[in-house]
Amino acid sequence: GLAPVHFTLNTAGLGFSLSGYFWDSLTGAAAVGLTNVVVKFENQASLGVFMTGSYNLSTGIWTMVDVAAGTYNVHFTATGYATQVTTLVVSGNLTGWKIGVSAVLPTNTYRAVLTWDLEPRDLDTYVYYPDLMEVVSFEHKVGKDSKVILDLDDRDGEGPETCTIKMDLPQGEAYHYVVYNYSKTPDLSVSSGMVVIYYGNSAIHTINVNTAESGIYWHVFDL
């Protein structure tokens, strides 16, 4: 799974010193050597005001210093990667937060990236074709027409679990994206499950698991 991003208190400054890695959602490995990387923190209490972090090209580590407590929109851009905005609450020493990134996608192509907590250990992506007779999962990673591919299967907690879908369906038909709790326990509702959907050159939607519902299946979206 993904290694955690670690945050440490900067006692010499005015706030907190944050550092961590980007993770390539297609490989699950640290994304190093990114070019023209920009990481900006925007406090939701002061929209339009940004703090800009730094990125070490050789190590893949990014840092941000003197960050005051608050809720932030974290903006990411890099050459060849989709732009995205992630929410982070800073209230003290933080650990375990991870930033997944995705390369820019070809025309009419979507990518869904599932992440979650260390427990349950194994959540699985299932993508059903419109007729429900074909399903892409860890048991069958490439669809019959190669339009749906499970790029990455994670079985030890946190993810990412990544699926790429090239849209070429007749009008009125859709793929069905479902998450299955292979581990059974703990419940999906306490997994902190999250699916980020990418299209083209940006992350277009983030869906969080419903904490009010229990069960081992989560029907996330139709596409």
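Start with the open sheet of four strands, whose order is β13-β12-β16-β19 with antiparallel pairing; strands here are DSSP runs of E with at least two residues, numbered from the N terminus, and two strands pair if DSSP finds at least two bridges between them. This is a predicted model, in which local features need pLDDT of at least 70 and side-chain atom pairs count only at pLDDT 80 or more, while totals for chains, interfaces and linings use all residues. Residues are numbered from 1 along each chain as its sequence is written, and side-chain values use heavy atoms, with hydrogens and water left out.

Select the two edges of the sheet, β13 (135-136) and β19: each has a single partner strand, so one side of each is left without a neighbour in the sheet. Then select β12 and β16, which run antiparallel and are joined by six bridges; Val127 has Tyr177, in β16, as its bridge partner.

Keep Tyr177 selected, for together with Val195 and Trp218 it has the most contacts inside the largest nonpolar core, a set of 27 residues. Such a core consists of buried Ala, Val, Leu, Ile, Met, Phe, Trp, Tyr and Cys residues joined through side-chain atoms within 4.5 Å, where buried means under 20% relative accessible area, exposed over 50% and partly exposed in between, with a 1.4 Å probe and protein chains only. Among the elements that give two or more residues to this core are β11 (109-115), β12 (123-128) and β19 (217-222), and β16 provides the largest share, four residues. A second, separate core of 21 residues includes Leu18, Phe22, Val39 and Val101.

Asp24 is buried yet has no salt bridge, and the nearest side chain of opposite charge, Arg111, is 6.0 Å away; a salt bridge would need a side-chain nitrogen of Lys or Arg within 4 Å of a carboxyl oxygen of Asp or Glu, with Lys and Arg counted as positive, Asp and Glu as negative, and His and the chain ends not counted. The side chain of Asp24 reaches the backbone nitrogen of Leu26 at 2.8 Å.

Finish at Asn36, in the loop between β2 (16-24) and β3 (38-43), where this residue is exposed, with a relative accessible area of 60%. Setting aside neighbours within four places in sequence, Asn36 is in contact (heavy atoms within 4.5 Å) with Thr77, Ala78 and Thr79.

Definitions and conventions. Polar contact = N/O pair within 3.5 Å; in protein donor to acceptor, adjacent residues only side chain to side chain.
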